[in-house]
Amino acid sequence: HDLRPALHESVVGKRLGVALLAFAQGVEAIAEFARRLGFRAELRSEGGSGRFTGAQRIQHVVLVTTFVILCLTGFAQKFSQAAWAPVVLDLFGGIESAPIVHRVAGVVLILGFMLHVVIILRGVAVRLRGRGQSGARAWMREILTLPMFPQPADLRDAVAIAKYVCFLSPVRPRFGRFSWKEKLEYFGLFWGVSLLGVTGFM
């Protein structure tokens, strides 16, 4: 009995599951971004301030949009024989246009990531110049104190939330401006975009 068709269907099913998971994560990111926008509007109405600037919100939109487009066009091309692939490809102009859309989205993602890094380094340089500091040690100290850089307190927060989830503590921990989970996701962006860029150009 030839098991190859069943094996092929199993592999395709697993890959489709990965594609759907990636898409779901993109949708979750969009929902989280929308929630944070509402949170910022609420803070403004109360005279407070949100966590993100206008430029940072634009970067979020570009990141989420390009990521979702890359997932849809990439998986649809990779598994073009699947029943759902033609439907997805038609959303981007068919098999002729989808590869172009995929490449453009990839370039925009990488350029956006590079711009984000430049903005961070520029901010560090401005703060150091304002304090009259220079040198590699001063740069390192300033980078290590950035809001998204993990701190020892983040490890304690992770342990605290684990205790709460496991019913070992009755108190749900409160986090600062950015939680330990968001910091991990942020650094995941660095290796993730780098990996996408390298594999995309290969």
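Helix α2 (residues 54-78) packs against helix α4 (residues 98-130) at an angle of about 150 degrees, and their axes lie 9 Å apart. The model is predicted, so local features need pLDDT of at least 70 and side-chain atom pairs count only at pLDDT 80 or more, while totals for chains, interfaces and linings use all residues. Residues are numbered from 1 along each chain as its sequence is written, and side-chain values use heavy atoms, leaving out hydrogens and water.

**Helix α2 with helix α4**
- α2 and α4 are therefore roughly antiparallel to each other (angles over 145 degrees, taken from 0 to 180 between N-to-C directions of axes fitted to C-alpha atoms over the stretch in contact).
- Residues in contact (heavy atoms within 4.5 Å) include Val62, Ile69 and Gly74 of α2 and Ala105, Leu109 and His116 of α4.
- This contact has 11 nonpolar, 8 polar and no charged residues (nonpolar: Ala, Val, Leu, Ile, Met, Phe, Trp, Tyr, Cys and Pro; charged: Asp, Glu, Lys and Arg; polar: the others, Gly among them).

**Helix α4 with helix α5**
- α4 packs with helix α5 (residues 136-144) at an angle of about 120 degrees, with axes 10 Å apart.
- Leu121, Val124, Ala125, Arg127 and Leu128 of α4 meet Ala138, Trp139, Glu142 and Ile143 of α5.
- The contact of α4 with α5 has 7 nonpolar, no polar and 2 charged residues.

**Whole chain**
- The chain has 7 helices and 0 strands (DSSP runs numbered from the N terminus: H or I of at least four residues for helices, E of at least two for strands).
- Of the 202 residues, 25% are buried (under 20% relative accessible area, 1.4 Å probe, protein chains only).

Technical notes. Parallel < 35°, antiparallel > 145°, perpendicular 65-115°, else oblique. Buried < 20%, exposed > 50% of the residue type's maximum accessible area, 1.4 Å probe, protein only.
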